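Biologist: I'd like a close look at one part of this model. Could you walk me through it slowly?

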Amino acid sequence: MLGTMTIENKELEVHVVASGSKGNCTIIRSSHSAVIVDAGISCRRITNALQDLEIPKHMVEGIVITHEHSDHIAGVPQMIKQMGLPIITRPNTARRLMDKFGVSAECFQTLGTNEVTIGDMVLQPFSTSHDAVDPIGITCYKGQTKAALLTDTGMVSKEMLEHLHDTDLLVLEANYDEHMLLYGPYSPDLKRRVKSHAGHLCNMTAMKVLSALRRPKNMEVIFAHRSEQNNSLHLVEQLSERLLKWCKTQGQMGFTAYHGDPKEYTSIGISSHT
Ligand SMILES: [Zn+2]
Ligand SMILES: [Zn+2]
């Protein structure tokens, strides 16, 4: 189950617990607090992950929900019931969750456009481009160390890019390969939806985003939300290796690539000063 890297003595740890259209969940933790980003898998799997990763429940400050699609919220009602954690999200997303799950407004802590302090971490939400009511990506700071998460976006705007510069660890969507989507099993409507600006990010755009970013020394990238029908690990690996070679020929900072998985944990520890 554990695909864990060395994470001792780091400012932040990022654990992609599950990634893909069957369910998404990431845990970000510092030495004193932790936050769950998306709960698209069962409460049992999330609590098991906390146990496996040795994150005490009392350290968890809340659950950030990026948007209301079921692969990001399936575990929410049970998580509220069992752990009583605040659901941290945009007001319109909160309303959708209240309607869908019949949970009360007190369960929510709403996010605007400003940064919020959660435990000893600072979270900055930013808007993404997806067919949900008010989808967000997030950046998370602990001191000088910065992690960011951007999945479920059909395109990456200049504003979004601004949020992603100088990120020590980036969880970035690489959802589909354009050819596999084109010749794959999806209906024409679904293909159009995935490819649209309100859909998902293709491998090539993910690489372009990475190449456009100001990358710090020792940047780590976790490619995430990979489609099972329209993509393969091999294709993402191939493209990221090609980009790395390009970075070298340009004398630019490279990065280390990892890959989110539907079932295995991908765990990375980061510190901006190492
Ligand atoms: Zn999703
Ligand atoms: Zn989505």
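Which residue is the bridge partner of Leu 170 in β13?

Modeller: It's Val 221. Before going on, this is a predicted model, so local features need pLDDT of at least 70 and side-chain atom pairs pLDDT 80 or more, while totals for chains, interfaces and linings use all residues. Residues count from 1 along each chain as its sequence is written, with chains lettered from A and ligands numbered from 1 in the order in which they are written.

Back to the strands: β12 and β13 run parallel, joined by five bridges. (Strands are DSSP E runs of at least two residues, helices H or I runs of at least four, numbered from the N terminus; strands pair if DSSP finds at least two bridges between them.) They belong to an open, mixed sheet of seven strands, ordered β8-β9-β10-β11-β12-β13-β14. At the edges, β8 (116-118) and β14 (256-259) each have a single partner strand, so one side of each lacks a neighbour in the sheet.

Helix α8 packs on this sheet, touching β12 and β13, and its direction makes about 155° with that of β12. (Contact means C-beta atoms, placed from the backbone, within 7 Å; axes are lines fitted to C-alpha atoms, for helices over the stretch in contact, with angles from 0 to 180 degrees between N-to-C directions.) Among the buried residues of α8 are Ala 206, Met 207 and Leu 210; buried means 20 or more other C-beta atoms within 10 Å of a residue's own. Their cover includes α5, β12, β13 and α9. Ala 206 is also one of the residues Phe 223 touches, along with Leu 172 and Val 236.

Methods: A residue is buried if 20 or more other C-beta atoms lie within 10 Å of its own, exposed if 12 or fewer, and partly exposed in between; C-beta atoms are placed from the backbone. Two residues are in contact if their C-beta atoms, placed from the backbone, lie within 7 Å. Lists of a residue's contacts leave out its neighbours within four places in sequence.
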